[in-house]
Amino acid sequence: MIMTSSLNQLFTRLLESESIFKNKEVLRHSYTPDVLVHRDTQTEELATILVSALRGETPSNILIYGKTGTGKTAVTRYVGKELENMSERMNVKCSVIYVNCEVIDTQYRLLANLARHFGEDIPMTGWPTDQVFQKFKEALDTQEQVLIVILDEIDKLVKKGDDVLYNLSRMNANLKRAKVSIIGVSNDLKFTDFLDPRVKSSLGEEEIIYPPYDADQIRDILYQRAAIAYNDNVLDGSVIPLCAALAAQEHGDARRALDLLRVSGEIAERKEERKVTESHVRIAQDKIEVDRIVEVVRTLPTQSKLVLFSIVMLNLSVQNQNQLGQPSTITTGEVYNIYRKMCKSIDMDILTQRRVTDLMSELDMLGIINAMVVSKGRYGRTKEISLSVPVKNTYDVLIEDYKLNPLQGYNVKVGYF
Ligand code: ADP
Ligand code: MG
């Protein structure tokens, strides 16, 4: 039994034990460091385009591309902030508005956000979008100024139509005093394929590509951050090189590297150890990978979950069979059989085998399963399915779904509970 007094003692002990972290917050994604290493070219390129704003002219619109964790957000925010500071010192009216389109993901919300920045009172919903746009335009055009809108994760916004981008990118023609330019940032090189060609050419007046970091560059980023995040001498010498090497394999993702560095420390701390070592990094790597998969599985549509669940259940029964020395491959046909039975027992629509095969290809692309085509001689070809993720974790996540929950205890071999 835990009583208040003993819990208080526990808190005190935990608080008093010296943390290995000096400041853990600086390892979070939201933190932007003051110095960005290995991004001079991209920083200068952006500054060279945006300097027009300080002359009161309209900078070209820009599209910035690159994989996750290549520093796009950090650099763009940094240059935006410095530009605003400089304009203040020069007494030129220039604002930079940063919008994360993953959070602000509708045209209405984007325009309302922009209008509010200029003091307009716009309700959360309810107005026609055109009216919000009109308000924003009027408010902006009350004085001579340059507005730069950073649309980070712009592909998320475009999924819901490109009207707003069309309007924003044509806006300058209708403004008398103010000028607008747009910086779109995306991990997805192909997102412009879906845009109206006029929007595409207008947005992409300038394009900047961010290459992935290599292991040496990631190492420098980590050393710089570790110095403010960790207390002295708590990181074993091999920790940062290993985090960097692992993240470099993952397309040079600085975000993954920083996650590894943080989670390794958290694991060491939880074990009440005073030093972070290579073994903590290995555990952190596994944990992050499992967390990632759990997140992907949790957000799958129900039918995909059910297909995956069939594979998981077959795997579990195959594992049992294996102990008896029997064959252990799973074919698409078997998956479809179990899938159908499960659908019936929980009253779900049964998709065609064709459709289920498509869903399996999607799971394959997400890295959750591996489907390998094998020839069965004169019986034609089939696919052999194996799980690429830990069975136990996957089962646990799937069974959490209330629609799948009744399948707990389902016996694949006999086809009922
Ligand atoms: P992206 O937007 O391309 O996905 P971010 O800009 O969010 O990448 O960078 C991911 C993380 O790595 C952030 O915490 C950021 O501060 C850090 N980071 C990225 N590039 C650098 C760099 N050149 N120097 C220091 N930190 C960096
Ligand atoms: Mg980003």
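The shell around ligand 1 divides into nine nonpolar, seven polar and five charged residues; here Ala, Val, Leu, Ile, Met, Phe, Trp, Tyr, Cys and Pro count as nonpolar, Asp, Glu, Lys and Arg as charged, and the others, Gly among them, as polar. This is a predicted model, so to speak of a local feature takes pLDDT of at least 70 and a side-chain atom pair counts only at pLDDT 80 or more, while totals for chains, interfaces and linings use all residues. Residues are numbered from 1 along each chain as its sequence is written, chains are lettered from A and ligands numbered from 1 in the order in which they are written, and side-chain values use heavy atoms, with hydrogens and water left out.

Let's stay with the ligand for a moment. It has 21 residues around it, and the closest are V37, K72, T73, Y213 and R255; a residue is near a molecule if one of its heavy atoms lies within 4 Å of it. Three helices, α3 (72–90), α9 (215–229) and α11 (254–270), each supply at least two residues of this shell. Helices (H or I, at least four residues) and strands (E, at least two) are DSSP runs, numbered from the N terminus.

Now for the polar contacts, meaning pairs of N or O atoms within 3.5 Å; within protein, one atom must be able to donate a hydrogen and the other to accept it, and residues adjacent in sequence count only if both atoms are side-chain atoms. R255 uses its side chain, with a polar atom 2.6 Å from an oxygen atom of ligand 1. G71 and Y31 use the backbone instead: an N or O atom of G71 sits 3.1 Å from a ligand oxygen, and one of Y31 sits 3.4 Å from a ligand oxygen. Ligand 1 taken alone exposes 550 Å², and the protein buries 97% of that. Accessible areas come from the Shrake-Rupley method with a 1.4 Å probe, and for residues only the protein chains shown count as cover.

Step back to the whole chain. It has 16 helices and eight strands, and its C-alpha atoms fill a box of roughly 80 × 55 × 50 Å along the principal axes. Of its 417 residues, 44% count as buried. Buried means under 20% relative accessible area, exposed over 50%, and partly exposed in between (1.4 Å probe, protein chains only).

Q145 counts as buried because its relative accessibility is 4%. A polar atom of the Q145 side chain lies 2.9 Å from the backbone oxygen of L140.

On to charges. Side chains of opposite charge can pair when their charged atoms come close. The structure holds 20 salt bridges, each a side-chain nitrogen of Lys or Arg within 4 Å of a carboxyl oxygen of Asp or Glu. In helix α12 (residues 278–298), R282 and E278 are four residues apart, so about one helical turn separates them, and their side chains meet in a salt bridge (3.8 Å, N to O). R282 is partly exposed at 44%, as is E278 at 35%.

Helix α15 (residues 353–365) has a pair too: D358 and R355 are three residues apart, so about one helical turn lies between them, and they meet at 4.0 Å, N to O. D358 is partly exposed at 34% relative accessibility, and R355 is partly exposed at 36%. Elsewhere, E25 and R28 form a salt bridge at 3.5 Å, N to O, with E25 partly exposed at 48% and R28 partly exposed at 32%. There is also a network of salt bridges linking K24, D259, R262 and E266.

The surface has a nonpolar patch as well. L7, L10, F11 and L14 form it, with about 340 Å² of accessible area together. Patches are made of residues with over 30% relative accessible area and no salt bridge, with like charges joined within 9 Å and nonpolar side chains (Val, Leu, Ile, Met, Phe, Trp, Tyr) within 5 Å. L7 sits in helix α1 (residues 4–16) and is partly exposed, with a relative accessible area of 33%.

Finally, two loop residues. N233 is not a glycine, yet its phi is positive at about 65°. N233 lies in the loop between α9 and α10 (239–249) and counts as exposed at 68% relative accessibility. D347, in the loop between α14 (332–346) and α15, also is not a glycine and has a positive phi near 65°; D347 counts as exposed at 73%.
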